[in-house]
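Take the points in order and find each one on screen.

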Amino acid sequence: MADSDLQRTVLVVEDDRDVRESILEVLEDNAYVARGARNGFDALEQLTRDGLRPCLILLDVMMPVMDGWQFRAAQRENPALAAIPVVVLTAHTNARQAAEQMQAAGFLKKPVRLEALLSTVERFCQR
Amino acid sequence: MRREPVIAHESAPRAQFAERLEVLAEASREFAEKGTDPRALVETVAAIVGTRIGETCSVFLIGPDGELELTAYYDAEPAPPSPGDVHVRGHAGEGIAARVAATGQTLFLPAVASDLVSPADRGHGDRTSSLRSVVGVPLRAHGSVIGALVASRHRSRRRYTIHDRQLLEALADRAGVAIDNVRLLASEKAAREAAERAHAETDLLYKLTDAVNRARSLEEVFETSLETIERALGIERASILLFDADDVMRFKAWHGLSERYRRAVEGHSPWSADERNAQPIFVADVSRDPDLASHRHVFEAEGIAALAFVPLVHESRLLGKFMLYSPVPRTFSEREIAVASSIAHQVASAVGRKLAQRDRDRLIEQLSNTVRLNELFVAVLGHDLRNPLGAVLTSAQMLLRQEHGEELRKPLARILNSGERMARMIEQVLDFTRARTAGGMPVDRGPCDLAAVCRQVVSEIEVAHAPCNIELSERGALHGIWDADRLAQVASNLLGNAVQHGEAGGPVLVILDGTAEDHVSIRVTNRGALPEGAAATLFDPFRGAEARHGKAKGLGLGLYITREIVRAHGGSLELEPGTEDTTFVVTLPRRAESAHTRREPEQRGT
């Protein structure tokens, strides 16, 4: 993957396939390279095994196998991955607080509004 | 009473008179001394006559049943006791006494002719058969005959004289009055004692009622009841048994019963559980009761000689029984039966009430569990619906951003609008379950500018409900420590309602007042009054929709949630209904002390 691709690659970690794919479609429709992961473990595999280095990780919190909290802990422990910014996807009432506790760069409340999604991604990635 | 002149026949008149005075004075003294004891008094009367007139004296009194009874007997020189002696004494002079009592006249027989003495007077022994001289005088009180005094001589050949007769009559005169007085005193005493006893029983029952009403558990009720019945009836052992779910009588509380005994008799009952007219059963002597023959050895081993079964009946339902035990054969008096029944009634009422309460509590718990489960189900369902809905909305938004003809834009816009409405409803249901299950609406407080929040909401509403007329005015400082997102929800709901339900085109006034030091207020007023009766249920969850006659498109949770958010900030939401317009007033403390402070996320949510 070329560096320019990495600059515009977004990793979407979301266990709900419909949500994940709709976000991927939106992102691709807006000239981003979008990759999906079914859970934290899948995401971690793509980052470590495949060497994927996205400009942003959109991270769901509640997921099977490895949830968002566990993924964040593993990511922050790995120096190669720790710097990748993470925006939390959450329906939690106190979304901001949850994002702060996960030391995320931001949060998007579910259901995700298109404008909010694109303006957030724009802050971290180039098209 | 008739008075006869004292006539002397056998001794000098003066001496006789003096003797009579002396005897009467002695009698008066003795009567006064024995003035409170009826038995001692009657025996004294017999003794004075027996010693001063001789030889024997029988005092007969008419009992409560109207029968003449030999109450006292005196013999100056008692013969050695012989078999049948008591029997003879018991009947000596009975015929004479009966005649005297019946006629009210003195029977004076100085020389007894055998044909004048009835077989009853002759009796069965030597003494009455040797009756030589006899005088019987009536005992009177208030002009009525109350008995008879019979003096008789058997050994001496001396005959009674007129003087003896007069002395006996004078003595009988005084004795009648004295006996009547002492009887009156005794009956007064008995009445007083009965009243005191009744008072003590009433007091016991009152205390029992009080204790039973205060009791927090059935065990307390049982214990108090056992203690009360034991005190009231002077017994040491009692027990309470209730029918269990299988209609078997089981011991619930007891005093002084061994486990062996309880095991042996448990389940035994004179009544079945469906008995509708159970009456108390009193067994004065268990060894003679054929119904209890099968358990006789058990009673003997436990030292139980008498028993009482008192049914516990509440609202015509037999709940169990109260058992009383006596170590000796015992007949329970009517009074004791009444007391036992009263106490049983109290116990039955208390048991009935407690059982009903237990059933109610159980039902409430079941219902609460069902409600909790339903709310949890709704919360989970609402939560899980958000993901697919999110996918629908994102896809619709994406398609709408692309170039399409009008024929595709319209249905896409409809998908988006309906999806967003659905999303709002899901959020409301989730807020509702959060408010009810998490101990109040969670709020995340921080420095907040109410004016900025409201301006944003006004502009959103104006876009969503165009054309509409909203006039926002601001006074004073509008800063505080609040949850900005939640306050936006409050403003959005109140303004949305005002625009939708107020008179079409009428202005909606929003006044933000920050002039007070410790709180701010939001007043939202629209033209048009609320429908009649709507105010009472306006804030009830799922009711507001009904009150608005189906005009609403939502779930009717908006005002409920709005008020919960305001309350979570330590504030209040009030309705000021008018005839021309409707106003909602939100009052918010700038910094709530009591309500929920910034909370930790209660779970790691999605």
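1. Start with the sheet. In chain B, five strands make an open sheet, ordered S2-S1-S5-S4-S3. The pairing is antiparallel. Keep in mind that this is a predicted model.

2. Now look at the two ends of that order. The edge strands of chain B are S2, residues 68-75, and S3, residues 107-109. Each of them pairs on one side only. From one strand to the next, the twist averages 20°.

3. Which strand pairs with S3(B) over three bridges? The partner is strand S4 of chain B, residues 133-141, and the two run in the antiparallel sense.

4. Helix H2 of chain B spans residues 38-52.

5. Step back to the whole chain. How many helices and strands does chain B have? There are 17 helices and 17 strands. Chain B has 606 residues, and 45% of them count as buried.

6. Check the contacts along the sequence. Take the contacts in chain B with a separation of 6 or more: 65% of them join residues 24 or more positions apart.

7. Finish with the surface. Chain B exposes about 31,600 Å². Carbon and sulfur atoms supply 52% of that area.

Notes: Residues numbered from 1 in each chain as written. Chains lettered and ligands numbered in written order. Predicted model: local features only at pLDDT ≥ 70, side-chain atom pairs only at ≥ 80, totals over all residues. Heavy atoms only, no water. Helix = DSSP H or I, 4+ residues; strand = E, 2+ residues; numbered from the N terminus. Buried < 20%, exposed > 50% of the residue type's maximum accessible area, 1.4 Å probe, protein only. Contact = heavy atoms within 4.5 Å. Areas by Shrake-Rupley, 256 points an atom, 1.4 Å probe, with all protein chains shown as cover. Pairing = 2+ DSSP bridges. Axes fitted to C-alpha atoms, helices over the stretch in contact; angles between N-to-C directions.
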